[in-house]
Structures are given as structure tokens and as C-alpha cells.
Amino acid sequence: EKVEIPNSQLLTAAVVAGSVTEALRTAVLYPLSTIKTRQMANPRHRKARTLKRKLQVLLLSIRRSINEGQLYAGLAPSLLVTVPASGVYCGVRDVANRLLHGAIDEFSPFADIEVALLAAFIADVAALIVRTPADVLTLRLQVQRMMPNQTRVDYVEALRDATNLLPAAIVTDVPYLLMRLAGN
């Protein structure tokens with residue numbers, strides 16, 4: 001006998017699974033993100049002409065970041081929002097997938113594909129609403145020490161910028177979403 005899990009339990013399980021996965025992924029990979037972000041913002045790296053010099057600048061930057069204990073700068077706000085954003089994505093996607101199947105199955109021979117795409121899009125928009133403010137704040141915290149006259153990040157300005165960037169984030173994220181889906 002097949003037991004149907006209620007949508008509320010499906011949502012909870014998917015949110016928890018997505019959140020735990022994102023927390024582990026972020027904690028492990030965050031130092032690489034910080035290094036990459038700082039390298040892109042580092043004028044010395046842009047001026048380095050040869051690959052050897054670029055690698056030297058990179059290694060000096062990594063050593064400095066380790067010595068200063070700054071490889072995880074901005075991790076807390078990133079985790080506070082990206083973890084729930086991933087949870088929201090997984091939960092909304094799974095529940096939307098279930099609800100849409102009931103509505104679309106009888107009308108289309110391509111229901112599985114259509115439902116997967118639509119559920120992923122709905123979930124992606126929901127996750128972007130949660131994630132975009134954290135992305136803006138995290139980037140500002142990661143490069144804060146590289147800005148000569150900036151002693152602290154203006155959180156209100158970061159939130160305002162994130163709100164203004166949300167429509168562009170949604171539009172530009174759709175191709176990435178489609179590629180992730182095609183890869184699965």
C-alpha cells in the first residue's frame with residue numbers, strides 16, 4: 001500500500017535536506033569563493049602580465065588571507081541566507097512538482113518535462129528572493145578590506161541594491177537554471 005506524504009511534511013523534509021546540503025557545501029567551498037572574489041578585485045592581479053606573476057600574486061593573497069584569518073569573512077551572512085534559500089528552493093520545487101503534476105498530467109504528453117521546468121522556475125524565483133540580499137552583502141564583506149576608504153559595510157544600502165538587482169537576478173538566473181536542469 002502506497003502512503004502519500006502530506007505536502008507539509010514533504011516541504012519540511014525537502015527544506016531540511018536542502019539546507020543541510022547547502023550548509024556543508026558552503027562551509028567547505030567558501031574559502032575558494034573568497035579567494036576568487038579577492039583576486040577579481042585585486043588591482044595587482046589585474047596588472048600581472050605573466051601566468052607566473054599571477055600565481056605569485058594569488059599565493060601571496062592566500063597566505064595573507066590565512067594569516068589574517070579572513071578566508072571566512074562574510075560567511076555568517078552568507079550562511080544565514082543561502083542555507084534557507086537552498087532549503088526554500090528544494091521545498092518549493094518538490095511541492096510545486098507534486099501540485100503541478102495533478103494539474104498538468106491530463107493535458108499534455110510532455111507533462112513530466114513541463115512540470116519539472118515550471119516547478120524549478122517557481123522554486124528558483126522563491127530562492128532568489130531570499131538569496132539576492134545575502135549575495136550582495138557577502139560580496140561587499142569579502143572585498144571590504146580592499147576598499148581604501150570603507151571601514152564598514154552599509155547594510156541598508158546593500159539591501160536597497162539587492163532589491164534593485166532582484167529582477168535582473170531572476171532574468172539572468174533562468175539560463176543557468178535551464179542548464180542545470182539539462183545537466184541532470
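User: Which residues line the second largest pocket?
Analyst: In this predicted model, Asp124, Leu128, Arg131, Thr132, Asp135, Val136, Leu165, Ala169, Thr172, Asp173, Tyr176 and Arg180 line the second largest pocket. A pocket is an open set of points on a 1 Å grid over the protein atoms alone, where a 1.4 Å probe fits, with protein on both sides within 12 Å along at least five of seven lines; lining residues have an atom within 4 Å of a point.

User: Which residues lie nearest the centre of the largest pocket?
Analyst: Of its 30 lining residues, Glu22, Arg25, Thr82, Arg131 and Asp135 lie nearest the centre.

User: What happens at Arg131 in H5?
Analyst: A kink of about 40 degrees lies there, shortly before Pro133. The bend is the angle between axes fitted to the seven residues ending at a residue and the seven starting there. Helices are DSSP runs (H or I, at least four residues), numbered from the N terminus.

User: Where is Val81, and which residues is it in contact with beyond four places in sequence?
Analyst: Val81 is in helix H4, residues 75-104. Beyond four places in sequence, Val81 is in contact (heavy atoms within 4.5 Å) with Val130, Arg131 and Ala134.

User: What should I know about numbering and confidence?
Analyst: Residues are numbered from 1 along each chain as its sequence is written. The model is predicted, so local features need pLDDT of at least 70 and side-chain atom pairs count only at pLDDT 80 or more, while totals for chains, interfaces and linings use all residues, and side-chain values use heavy atoms, with hydrogens and water left out.

Methods
Helix = DSSP H or I, 4+ residues; strand = E, 2+ residues; numbered from the N terminus.
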